[in-house]
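Dear colleague,

I am passing on the structure we spoke about, and it is placed directly below.

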Amino acid sequence: MTSQQAIKDINYATGIAKSAKESPLVGGPFGLMWGVLLSTTLCSHWAIVTGQIAAQAPALGYLWVAFAILGSVGSAILGSRVKRKSGIHSTANKVEQSVWIMFSIMLGCLWIGVTSSMIFGSGTVALFDFIPIVGFGGQGLAYGVTARTSHYKWMYYPAAASFAASIACLTVFGESHFYLIAAIFAFITVVLPSLKTMRAEHVA
């Protein structure tokens, strides 16, 4: 191999690496779907517990079961589409995907723990209110890690907003408007960043 050919190969590899690094994030549709679903569910939860919607207490269980089912089906559908997108294997996308998967597992474990406490221990339904609080904190961590390990530094803003949401929700813990505030913050910290991500992907 001549030195000129070696230089061409190095430039080619560098170009590929740079392209992968600067590839747009492709997780926007996931965030938008979950954000709209979460905001709607939290708002509906608030409406039920405050009597804005005439429904019995068991309706809350059905509401969150529907949330989980719709979210899972939606993720499966979107996942099959995202896999075909260019840039899916970029460092930023791998980091984002990994950190959100761990985030989901963490929330799942928390839900199992709360449910187990209610069934086998002395836990009450009030423990479920900790899930949005912890969720916002974990969400801030996910945004922060993505911002730290990529050139998407604007994600520090939704990270900060998510931490603020965790504080705000803990401040009104046990209050009737807890879930309404959580719904508003879910829209701000999930839907809006997802729309920005999707717009950046479209422009790219």
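The expected span of a helix is taken here as 1.5 Å times one less than its number of residues. Helix α4, with 30 residues, reaches 43 Å from its first C-alpha to its last, which is close to the 44 Å expected at 1.5 Å a residue. Please keep in mind throughout that this is a predicted model.

On the overall make-up, the protein has seven helices and zero strands, and its elements, taken from the N terminus on, run α-α-α-α-α-α-α. Of the 204 residues in the protein, 35% are buried. Among contacts with a separation of 6 or more, 74% are between residues 24 or more positions apart.

Just after α2, Gly51 takes a positive phi of about 85 degrees.

The neighbour to consider is helix α3 (residues 58-82), which packs with α2 at an angle of about 175 degrees, the two axes being 10 Å apart. Angles over 145 degrees count as roughly antiparallel, and α2 and α3 are therefore roughly antiparallel to each other. The residues of this contact of α2 with α3 divide into 17 nonpolar, eight polar and no charged.

Thr41, which lies in α2, is buried because its relative accessible area is 4%, the cut-off for buried being under 20%. Leaving aside residues up to four places away in sequence, Thr41 touches Leu63, Trp64 and Phe67.

Helices α4 and α5

How do the axes of α4 and α5 cross, and within what distance do they come? The axes of helix α4 (residues 91-120) and helix α5 (residues 130-148) come within 10 Å and cross at roughly 165 degrees, and the two helices are therefore roughly antiparallel to each other. The crossing in which α4 passes α5 is right-handed. By class, the contact of α4 with α5 has 14 nonpolar, four polar and one charged residues.

On the α4 side the residues that meet α5 include Val95, Glu96, Val99, Trp100 and Phe103, and on the α5 side the residues that meet α4 include Gly135, Gly138, Gln139, Ala142 and Thr146. The buried residues of α4 are Ala92, Asn93, Glu96, Val99, Phe103, Val114 and Thr115, and the buried residues of this helix pack against α5.

Two residues show this contact from either side. Phe103 lies in α4 and is buried, with a relative accessible area of 14%. Not counting residues up to four places away in sequence, Phe103 touches Gly135, Gly138 and Gln139; the C-alpha atoms of Phe103 and Gly135 are separated by 8.1 Å, although these two residues are 32 residues apart along the chain.

Helices α5 and α6

Helix α5 also packs with helix α6 (residues 156-171), and here the axes come within 8 Å and cross at roughly 165 degrees. That crossing angle makes α5 roughly antiparallel to α6. In this pair, α5 passes α6 in a left-handed crossing, whereas α4 passes α5 in a right-handed one. The contact of α5 with α6 has, by class, 13 nonpolar, six polar and one charged residues.

The residues of α5 that meet α6 include Ile133, Phe136, Gly137, Gly140, Gly144 and Arg148, while those of α6 that meet α5 include Tyr156, Pro158, Ser162, Phe163, Cys169 and Leu170. Phe130, Gln139 and Tyr143 of α5 meet α6, and these residues of α5 are also listed among those that meet α4.

Methods:
Residues are numbered from 1 along each chain as its sequence is written. This is a predicted model: local features need pLDDT of at least 70, side-chain atom pairs count only at pLDDT 80 or more; totals for chains, interfaces and linings use all residues. Side-chain values use heavy atoms; hydrogens and water are left out. Axes are lines fitted to C-alpha atoms, for helices over the stretch in contact, and angles run from 0 to 180 degrees between N-to-C directions. Helices (H or I, at least four residues) and strands (E, at least two) are DSSP runs, numbered from the N terminus. Angles under 35 degrees count as roughly parallel, over 145 as roughly antiparallel, 65 to 115 as roughly perpendicular and the rest as oblique. A crossing is left-handed if the near helix is turned anticlockwise from the far one by less than a right angle, and right-handed if clockwise. Contact means heavy atoms within 4.5 Å. Ala, Val, Leu, Ile, Met, Phe, Trp, Tyr, Cys and Pro count as nonpolar, Asp, Glu, Lys and Arg as charged, and the others, Gly among them, as polar. Buried means under 20% relative accessible area, exposed over 50%, partly exposed in between (1.4 Å probe, protein chains only).
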